[in-house]
Amino acid sequence: MAERLAGKVALVTGGASGIGRAAVLRFAREGAKVMIADRNVTALKETLAEALAITPDAASVQADVSKTPQVQAMVDAAVARFHRLDVLVNAAGVLVLAPPLAEIDERDWDLMMNTNLRGLFLCCKAAIPAMIKGGGGSIINISSMAGLAAYARSLPYAVSKAGVIHLTLGAASQYTSKGVRVNCIAPGTVDTPQARGSSQSAKGLEEIAAAHPMGRVGSPDDIANAILYLASDESAYVSGSTVIVDGGGRTLPPKI
Amino acid sequence: MNNLTEIAKRAVEDYGFRQIALWSPDDLVEQWGLSPREAGTLKGALRDELERLPVPVEPRDYAAVTDRLNSLISGCLG
Amino acid sequence: MGDRLAGKVAILAGGATGMGRTTALRFAQEGAKVMIADRNRAASDETLAMVRDITPDAEVVAVDVSKWGQVQNMVDATVERFGRVDVLVNLAAILMLTPPLIDVEERQWDLIMDTNLKGTFFCCKAAIPAMLKGGGGSIVNISSSAGLDAWTRSLPYNISKAGVIHLTSVISGQYTPQGIRVNCIVPGPVDTPQARGSSQSADLLAAVAAEHPMGRIGRPEEISNAILFLASDEASFVSGATYVVDGGARTSGRRS
């Protein structure tokens, strides 16, 4: 069976854990060369080892996407190692729980905006020239259903993720004609370390799963499947789209 | 409550915040105006403890874990 | 050749031409058993011959999706031939150009609504019980960017395609808990016989391509790629979603 990303070079931010990690491993199995970027060096080492068990063409770089020099160094490292850049997956994100708006700590707002939105902007800004140099590419931004609907547990997170959706539209309008496709995925609740951690209790995810139309929350692999589609040439005619992967959670009728 | 005990409490109760303390501690040093000694504790002894915490910490354990971290912080800051 | 639909039984309503034909071929290449359902017998037989070059597990059934008895027969014939129904793709649609609202003839409205919206409703209504019997399934409805954006050349077509999007959401809310995923694709301009016919001139189609951010309109195979993703188990956590496949046309500010 043909590999769906054969020969492509991919950079995955937030690639050490959760959705990013699932994308890294899926990409490796589909023939891609993968640069894994994360600020968590411990998890980075583990995920790199897993990727190297699949392909020799995997490497890692420590990067905090909210820091401009680190972002440029990250893109440079990918190009230095693999000589081009075809795919960028922006999976790096932080979720800090927040009280209602009037009590939100300004510092928390900055933390989430700096990583989730400003960091994603910086990654696109650094990657697009490298992609254009190679004749084009595909960017996949990971937003969230929290960016489409009200999310009371963290307004800054929701706003940053809504910004990601709109950044996707704008970037697509500017770079599709230059061969760079830009799309976005809005996952519902997914069983990641982040979701487990911020559910504040082991029961938290179980309760969400019980109320979900599919009786479960998403797995990181569910999201990686959509990322693979958008990264591959199968989606050659897809740009500017926001793709929901929430198991139908949004369509569950309100209980009134 | 001093800055560091507040950061520790939040890192116990909120995994997202804990990740920032673990992996972008300099952001917190700057935002919270931590002294060099506080910063050293955040990136040293406190960090080691935070990395060992379960994900998530169950609410019934908040008080015990926070107490333990507070003793550690007092020990470090004297 | 792949196996992304290995063993699955798929009904393609409107499967004889355009995106229906490319989808029939792609599904066969991925291991599906294919029922080509169309009212165009000659084109159905042509497509069947092409599919039979790939797999013996292909059949045709004549159907006008606006007639309940024929739709029921389409599902019965599929179950009789292949034993089950796993996938339904609703591609059958007509597009007639109409004057502005006050001059739209009632029968134009009825013809378009009966095929595009009532036909989709009928196909879902007939297929869902067969899918439930087999433990679940996946429905992929084909809408159009005319269902999202105002497009002045055919009001009834616009409304019928907007209806398909909302039908998708509501059915997902009702049947996702029972194992049936329901999703929708919104294609932008695609080079099909339908599009060539209704553009009224090759020049007009060329103008649409020239203004498109990709400098071209879509190929039907590119819509089939998205249909394949949603039909397959790779999209097992996707339901109630509407995926735009328009090459970024909606982000360009020039909506054709």
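Modeller: F27(C) touches L5(C), A10(C), L12(C), A32(C), V34(C), V87(C), V89(C), I227(C), L228(C) and A231(C), leaving out residues up to four places away in sequence. Contact here means heavy atoms within 4.5 Å. The model is a predicted one: local features need pLDDT of at least 70, side-chain atom pairs count only at pLDDT 80 or more, and totals for chains, interfaces and linings use all residues. Residues are numbered from 1 along each chain as its sequence is written, chains are lettered from A and ligands numbered from 1 in the order in which they are written, and side-chain values use heavy atoms, with hydrogens and water left out.

F27(C) is one of the residues with the most contacts inside the largest nonpolar core, together with F27(A) and I227(A); this core has 76 residues. Another core, of 34 residues, lies apart from it and includes V12(B), L46(B), V65(B) and L77(B). A nonpolar core is a set of buried Ala, Val, Leu, Ile, Met, Phe, Trp, Tyr and Cys residues joined through side-chain atoms within 4.5 Å. Buried means under 20% relative accessible area, exposed over 50%, and partly exposed in between, with a 1.4 Å probe and protein chains only.

Strands (E, at least two residues) and helices (H or I, at least four) are DSSP runs, numbered from the N terminus. Strand β1 (residues 9–13) of chain C runs parallel to β4(C) and is joined to it by four bridges. Two strands pair if DSSP finds at least two bridges between them.

T120(C) sits in helix α4 (residues 106–133) of chain C. Why does T120(C) count as buried? It counts as buried because its relative accessibility is 4%. A polar atom of its side chain lies 2.7 Å from the backbone oxygen of N116(C). This is a polar contact: a pair of N or O atoms within 3.5 Å, where within protein one must be able to donate a hydrogen and the other to accept it, and residues adjacent in sequence count only if both atoms are side-chain atoms.

In chain A, seven strands form an open sheet with parallel pairing, in the order β3-β2-β1-β4-β5-β6-β7. Its edge strands are β3 (58–62) and β7 (242–245), and each pairs on one side only. From one strand to the next, the twist averages 20°. β1 (residues 9–13) and β2 (residues 33–38) of chain A pair over five bridges, with T13(A) opposite A37(A). Four bridges join β4(A) to β5(A), and L88(A) stands opposite I139(A). Six of the six residues of β5(A) are buried: G137(A), I139(A) and N141(A) point one way, and S138(A), I140(A) and I142(A) the other. Helix α4 (residues 106–133) of chain A lies across β1, β4, β5 and β6 of that chain, at about 175° to β4(A).

The core residues named above come from chains A and C, and of the two pairs of chains that touch, A and C have the most contacts. Chain B and chain C do not touch; their nearest C-alpha atoms are 25 Å apart. Helices α8 (residues 220–231) of chains A and C pack at an angle of about 170°, with their axes 11 Å apart. Axes are lines fitted to C-alpha atoms, for helices over the stretch in contact, and angles run from 0 to 180 degrees between N-to-C directions. α8(A) and α8(C) are therefore roughly antiparallel; angles under 35 degrees count as roughly parallel, over 145 as roughly antiparallel, 65 to 115 as roughly perpendicular and the rest as oblique. N225(A), A226(A) and Y229(A) in α8(A) meet N225(C), A226(C) and F229(C) in α8(C).
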